[in-house]
Amino acid sequence: MAFADRHFNWRPLGGGRIVDAGAGAIDRLGLASVPDDAKVRAMTDESEGLKLALHTPAQGDLPQPPPLRTLAQTAIFLDFDGTLVDIAARPDAVEVAHTLPALIERLDAVLGGRVALVSGRALAALDGMLGPLDVAMAGSHGGEFRPAAGDEVHPLADPLPEGIAGPLARFARDNGDLIVERKPFSMAVHYRGHAGMREPLLAMARDLAEDHGAGVKDGKMVVEVVMPGSDKGSAVAKFMEMPLFAGATPYFVGDDVTDEDAFRAVERFGGGGILVGAMRRTAARWRLDDVRAVHAWLSDALELAPPGKTDDEMAGGSGEPTG
Ligand SMILES: O=P(O)(O)OC[C@H]1O[C@H](O[C@H]2O[C@H](CO)[C@@H](O)[C@H](O)[C@H]2O)[C@H](O)[C@@H](O)[C@@H]1O
């Protein structure tokens, strides 16, 4: 979404004329963190002394997405944690609704195979929780790419060097036995229940990442060091290059800041992002309140007949008369 489309708030630090801020203006504000999309302007006050102003997007709410069944030639990309399942205290404690695997597979059938899960989780973890699901998936923040169910996984990043994994694991052990999640191309350390650990963990992760040319993801109570080469946005783009997805309008449904790359990617393909959860600064166009609302929004499309299938086949029948 272009900034010009959004409403902006001025938060002036002084009054007077607005002049160009020039290079280095953000540094001169001396703020600990400035949103990526903030703009800085310089102003003069009555005495013509220079003041700086921070110009950030308003935090107005986003509308709900249109009903899925009204959207034509759609591709749906789904995040997992916080989107399809509620956030739990531990990665292995999430509860998968018994209706979820069938919901995803039926949606995929209705949309002609244009549904993909794009998760920060490793594909092995998703397979373990959802069973052998008949849909395309990208795991490990785009590091693992499986174009269709049963296909070989394409690795899109390098393995995590021991020089990152070792120190991170030791940090986790020595600071309250934080949960460590090892993935093919990354390592996540969960600090839920140890909120004070965020800053030192983040600092260490950033140092390690800088030393090894890696990146850092600052997720929900989790800090993850990831090998470069992929993110959720590049995973979406890779799906959109496949003949099955080409020309479709993509929507990405996700809750975390790590989903922002994917929100921006679907915009580039003429679609939009759907934020799940409380309003925050986001590149998404629409918002759904929670996991329950996501299931409801997806279920809305199931009444559409899938291409080439009868209602009976959708209900699990053979399509042949039974009498
Ligand atoms: O991209 P996602 O599919 O949403 O995965 C993002 C991360 O999700 C998991 O961690 C989050 O969910 C846990 C279970 O609810 C929660 O305990 C944790 O605090 C959250 O950060 C998963 O464990 C990570 O590997 C994913 O990257």
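## Strand pairing

Two strands count as paired if DSSP finds at least two bridges between them. In this predicted model, β10 and β11 pair in the antiparallel sense over five bridges. Arg182 stands opposite Met187 in β11.

## The sheet

β10 and β11 belong to an open sheet of four strands, in the order β10-β11-β13-β12. Its pairing is antiparallel. The edges are β10 and β12 (215-219), each of which pairs on one side only. On average, neighbouring strands of the sheet are turned by 15° against each other, direction ignored.

## Helices on the sheet

α4 lies across β10, β11 and β13. The helix runs at about 10° to β11. α5 also packs on the sheet, where it touches β11, β12 and β13. The direction of α5 makes about 5° with that of β13.

## Helix α4

α4 covers residues 162-174. At 1.5 Å a residue, its 13 residues should span 18 Å; the end C-alpha atoms are 18 Å apart, so expectation and model agree.

Ile164, Leu168 and Ala172 are the buried residues of α4. Viewed down the helix axis, they fall within an arc of 50°, and therefore line one face. These buried residues pack against β10 (179-183), β11 (186-190), α5 (198-212) and β13 (222-226).

Which residues are exposed on the other side of α4? They are Glu162, Gly163, Gly166, Arg170, Arg173 and Asp174. After the helix comes Gly176, with a positive phi near 95°.

Key: Residues are numbered from 1 along each chain as its sequence is written. This is a predicted model: local features need pLDDT of at least 70, side-chain atom pairs count only at pLDDT 80 or more; totals for chains, interfaces and linings use all residues. Helices (H or I, at least four residues) and strands (E, at least two) are DSSP runs, numbered from the N terminus. The expected span of a helix is 1.5 Å times one less than its number of residues. A residue is buried if 20 or more other C-beta atoms lie within 10 Å of its own, exposed if 12 or fewer, and partly exposed in between; C-beta atoms are placed from the backbone. The arc is that of the directions from the helix axis to the C-beta atoms. Two residues are in contact if their C-beta atoms, placed from the backbone, lie within 7 Å. Axes are lines fitted to C-alpha atoms, for helices over the stretch in contact, and angles run from 0 to 180 degrees between N-to-C directions.
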